[in-house]
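Please read the following report alongside the sequence and the 3D view.

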Amino acid sequence: MYPRTQSDLVSPTVSAFALSSLLAASPAAEPADDTDLVEVSEDDVDEYGPFFVEEAPSDIEFLAQPRPRTLPVLSVGNGSFCFVEGTFCKASMILSADIGAGIRAPASDEGPDIPYAQFTFRGGFTVRPAMIRPNRSRRKSWGAWGFGLLSSWSRGTGSITQRGDAQSQEVDSTDSTTVFRIAAVNQMWLSKRNHAAHLDFTFGGARSDVLTSGEKLWGTHAELAMGFGGWGGMFLSGDFLDRDTRVVLGFRGHGIAAGPIVAMALAGLAAGGAL
Amino acid sequence: MKLSVSVLYALLASQPDADEATAAQPDASSAATDGDAATDVASPTEDPPAAEPEVRTPAAESSPAVSPEPEPEPEPILDSERYTVAGGPDGPPFYDDADTASLRARHEIEVEPLERTEGPRWRCLIADPACGRSVEVNALAAYSFRGRQGDVSGGGNDPRWHSGRAQYDVWLNFPVMTEVVGNKKFTRMTLAPKGGLIASDGGSTWGNLGMAFRYWLGRGRWAPAVEFTSALSFKLGENARGMDNERGDWTMTRGPVGFTADVGFGLGGFGSIVVGGQYDSPFAREEISDEYRTAAGGAFFIGFRGNILWGGPAAAAVATHAVTQRSVQTP
């Protein structure tokens, strides 16, 4: 039978002797560390949870790393309103221009699918209703959810309709397509970095020319976009009207960046006599 | 006595750090005066670590099929062998300059890395290796050699002509590869979406959206860089033409999605020499009437692309755009 524990083998006297010998060789006890007695202010008590965790600090940074800002870029009212959407903005202005291309799919008896392209100007605002501040001493607050109202105007390429059979086919076309939209956007901000990426889900109505009918009807507008701060992003957008569906993939830039592009393009066309 | 040596060996193997031993000292001292308590104090050694060689498990005992192999006899140490232990430094650092040089050589670290202190221009609105994420607006002014594929029913008409090209783009820059010098980080490679407008003769205007790539070959403000962009391109509009090829108003014009790509060699975020091409897909579906069909086309171009904040690139692009409209007759 094997011994189960060391205490089964050793008499108390022997073990006490060995233990006292070891303890005699140990260093003397040091005084208690004073840092255990630091007083903590109530203002510095951090909340705990995923919404309160800030980005991990790093020992290295870009040479051009902006100084820690207490306020977002191009903001007023202590960050209450931003002219360029930002990670820590409580409310933001939306002003952008975009271009996109895709397909126009009429009803099957109205003709084949044709290419479609458009340029768009968009405006509106967003708010962040549920922003949480990590503690009272820090001014930056953050929340993943954003909500807003948007309106946009687009000029797209025209429509072609071909009705009837091969013997008696009626062909018609338009030069362009004008679209006006009003929609609500829900945003999900994906991080707390400056100019963070966010997913935008936009749903609303679109009023537009329908094929070659000459009629303007209301339809549904839906868009899924990924934005990078407020400076730009890419989107997949669709307008769904009666017998007329358009889906485009596009790129969007804030008005501060897109404005000069529009101005230069118009200046070039005008100076060249093309307008 | 043999038992006490065994206990001492086990205690040494499980001896905590000095701090822990110090913290446990008062209790242990009192335990040394009480036999029962001493047994309790020794009880943590009931599960000795794997270093305890004398305790064998019953599982090993009850497997007669596996007989342990005899351990090899250690080689005897000859009286003539002598061993010495090299004395090291008494305290840190435990390495010297030669060790540091060896480590640098092993990992190909520069001995004296080039330090840069000046920051970027225009708060990173002009691309710079010192910047992380940024946005910029670029304008391209280029000579373009355009062509259009003829219609097989039209006798092989295949026009080619000299023209100009202006392109205005927004670039987003995301650092996808960086390098660290000291405690500073520099961007080596950026890759991000971009989009904008392209213009040529006859009021031809395309939209484009794609990706822009830039690889910095240095860390300075004027560091050379290689750029590569590729994008989908699609017709937005052009000047309508009458029966006698007379120029009409600028109107929206449909066209299938083509693509454009270019390579640039630049200095800093100032500008780059760009060589590229574009392809316009034909709109030639069988169901579409002939009057709406478009032929395949394309262009090669070489020019200069720069950030519009410098002024010059923007002026050059607008001037190229205007001159192209006035001086080039679209076939």
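In this predicted model, eleven bridges join strand β1 (residues 134-148) to strand β10 (residues 297-307) of chain B, and the two run antiparallel; strands pair if DSSP finds at least two bridges between them, a strand being a DSSP run of E with at least two residues, and a helix one of H or I with at least four, numbered from the N terminus. Within this pairing, B:Ala142 stands opposite B:Gly303 of β10(B). Strand β1(B) is also joined to β2 (residues 160-173) of chain B by 14 bridges, again antiparallel, and B:Gly147 has B:Arg160 as its bridge partner there. Eleven of the 15 residues of β1(B) are buried, that is, under 20% relative accessible area (1.4 Å probe, protein chains only).

The search of the whole structure finds two disulfides over all chains, each a pair of cysteine sulfur atoms within 2.5 Å.

| Disulfide | S to S | Angle about S-S |
|---|---|---|
| A:Cys82 to A:Cys89 | 1.9 Å | -100°, left-handed |
| B:Cys124 to B:Cys131 | 2.0 Å | -95°, left-handed |

Both A:Cys82 and A:Cys89 are buried; B:Cys124 counts as buried because its relative accessibility is 11%, and B:Cys131 does so at 2%.

Helix α2 (residues 255-271) of chain A has 17 residues and reaches 23 Å from its first C-alpha to its last, close to the 24 Å expected from 1.5 Å times one less than its number of residues. Just after α2(A), A:Gly273 takes a positive phi of about 75°.

Residues are numbered from 1 along each chain as its sequence is written, and chains are lettered from A in the order in which they are written. Local features need pLDDT of at least 70, side-chain atom pairs count only at pLDDT 80 or more, totals for chains, interfaces and linings use all residues, and side-chain values use heavy atoms, without hydrogens and water.

Key:
Buried < 20%, exposed > 50% of the residue type's maximum accessible area, 1.4 Å probe, protein only.
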